[in-house]
Amino acid sequence: MAARRKERESENAYVCPYCFSRFTMDKVHSACTGMFCTRNFVSKHEKDKECLYLSSDRQDEIDYENTVFRGKDPRTAQATVTKRHIIRDSSMVCDMCGRPTYIRLCPTCHHEIQAGAEEGGNRIFVILGPKGVGKSHYIAVLINQIRTYVASEFNAVFNPASDMTTLYYRERYKKPLYDDKVKLPPTEPYDDLGEAREPLVYYLNVYGGEKRKVYTFAFIDTAGEDLATEETIGHSNLNALISGAAGIVYLVDPLQLKYVRDRIHIDNLPPIGADISETLSSICNIIRKQRTGLRPKDLIDIPLAVSITKCDVLLKSPEDDEEDKILFSPGSAVRIPRENGVYDEENFEQIDAELEEYLRRTAGEDFIQIVNGFEEHCYFAVSALGNNPTGNGLQRGIMPMRVEDPFIWLLNRKGME
Ligand SMILES: Nc1nc2c(ncn2[C@@H]2O[C@H](COP(=O)(O)OP(=O)(O)O)[C@@H](O)[C@H]2O)c(=O)[nH]1
Ligand SMILES: [Mg+2]
Ligand SMILES: [Zn+2]
Ligand SMILES: [Zn+2]
């Protein structure tokens, strides 16, 4: 199994977290920071009507690939103008000034590839789950928790990869949730998002050991509709991302499980959404279709963290015997804090065993069997908000619980060096 993983990692050196294209480093483009290189490039090609890399008024160098990636027409004023001359081969030498270049670009979308990013491997983690499970709130809170607490706990620094990520995170998540203290609105389908569908990309720089390690995290906040069927997944181009992921966090909303709904006493039950088994099996089918090397009998070799969201609602005291059946017991492992700063394997194993049993009872054996189709999997319980909001406001504030567990597992489990 380990050999197969190695083979897979070497055959596809890098997956771009922005456009999900897969390439090896001998295919990268680069950018020169020389002050006059774009100007010289423009003078050289001004008269050349065939040159694709000049703006419609022939005054500026444009980034053709990035414009196309953004869904715009490079022959119009919507083209991305670049102040850094782009070299479209992997020589890492500027064809204008002859100096070496240091900024590597994805050959497909021209987003920058940070130094060392490819060595950390394809560490793109995706968060999936049907509509209403709590993906957006989870992503919002997880990013904040990793940045402010978890990274330093593990001697690491967690930084946005681009200004776009900083801006999108602040506007779409941080401001409503942490400043205005209101719930996030439902996410729009991927295809309707246009430019805003750029993922939130972060680098986790881990110090210590002999060498610094860089992991790339791409958080793609999909709308539940995108995941409803294989067709919608394919349509939204999420299939490339899902099958190239280094880890999948699959969220399960306990309040959408019939067994739980019938027994729990809370004020605001969400509507029932897509079936969790069906959504996960569509994801499996997509992976199997994309990854042709996988034989039907092989287990899927992408680690899967199945995470029960909104676990705050399962930690209250039972009001009657029926409710007692679906709440976490007073002795539940979920209540035992993990040890900080280390990979607390024992704590995760206890939670894993307990929650597998819990989901067998509440979601059914079918679901457990689909999860077993993944070679490595682990069950978790998380809560982004730490309480159950009534209405739109978050008067009780945000008190996250265990949101980072799945990520700590994905980064530390056996088989990751
Ligand atoms: N009790 C509780 N409710 C939550 C939590 N996170 C989200 N919710 C509720 O679930 C709803 C849907 O969450 P959202 O993140 O928009 O789901 P998405 O469709 O998967 O992105 C929110 O409006 C909240 O009411 C949580 O941690 N605890
Ligand atoms: Mg959402
Ligand atoms: Zn140059
Ligand atoms: Zn790209």
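Helices (H or I, at least four residues) and strands (E, at least two) are DSSP runs, numbered from the N terminus. With that convention, R58 sits in the loop between α2 (37-45) and β4 (62-63).

1. Overall content. The model is predicted. Its chain has 417 residues, of which 40% count as buried. The secondary structure amounts to 13 helices and 15 strands. For contacts between residues at least 6 apart in sequence, 72% link residues that are at least 24 apart.

2. The antiparallel sheet. Four strands make up an open sheet in the order β6-β3-β7-β8, and their pairing is antiparallel. Strands β6 (85-87) and β8 (112-113) are at the edges with a single partner strand each, so each has one side without a neighbour in the sheet. Inside the sheet, three bridges connect β3 (residues 29-32) with β7 (residues 103-105) in the antiparallel sense. Within this pair, S30 lies opposite R104 of β7.

3. The parallel sheet. A second open sheet of four strands is ordered β9-β13-β14-β15, with parallel pairing. Its edges are β9 (125-128) and β15 (377-381), each of which pairs on one side only. On average, neighbouring strands here are turned by 20 degrees against each other, direction ignored. Strand β14 (residues 304-308) runs parallel to β15 and is joined to it by five bridges. One position in this pairing is A305, whose bridge partner in β15 is C378.

4. The β11-β12 pair. Strands β11 (residues 200-206) and β12 run antiparallel and are joined by seven bridges. V206 has K213 in β12 as its bridge partner.

5. Helices α11 and α12. Helix α11 (residues 345-362) packs against helix α12 (residues 365-372) with the axes 6 Å apart and at an angle of about 135 degrees. The two helices are therefore oblique to each other. From α11 the contact takes in E356, L359 and R360, and from α12 it takes in E365, F367 and I368. Sorted by class, this contact between α11 and α12 holds three nonpolar and three charged residues, and no polar ones.

6. Which residues come nearest to ligand 1? Out of the 21 residues around ligand 1, they are G134, K135, S136, K310 and N388. The shell around ligand 1 consists of seven nonpolar, nine polar and five charged residues.

7. Positive phi at R58. The phi angle of R58 is near 60 degrees, which is a positive value in a residue other than glycine.

8. Positive phi at N155. N155 is another residue other than glycine with a positive phi, again near 60 degrees. Its place is the loop between α4 (135-153) and β10 (156-160). With 12 other C-beta atoms within 10 Å, N155 is exposed. The reason is the cut-off: a residue with 12 or fewer such neighbours is exposed.

9. The loop residue T390. T390 belongs to the loop between β15 and α13. It is exposed, because 11 other C-beta atoms lie within 10 Å. Residues up to four places away in sequence aside, T390 touches D267 and N268. From C-alpha to C-alpha, T390 and I266 are 10.0 Å apart in space, while 124 residues separate them in sequence.

Definitions and conventions. Residues numbered from 1 in each chain as written. Chains lettered and ligands numbered in written order. Predicted model: local features only at pLDDT ≥ 70, side-chain atom pairs only at ≥ 80, totals over all residues. Pairing = 2+ DSSP bridges. Axes fitted to C-alpha atoms, helices over the stretch in contact; angles between N-to-C directions. Parallel < 35°, antiparallel > 145°, perpendicular 65-115°, else oblique. Contact = placed C-beta atoms within 7 Å. Nonpolar A, V, L, I, M, F, W, Y, C, P; charged D, E, K, R; others polar. Near = placed C-beta within 6 Å. Buried ≥ 20, exposed ≤ 12 C-beta atoms within 10 Å, placed from the backbone.
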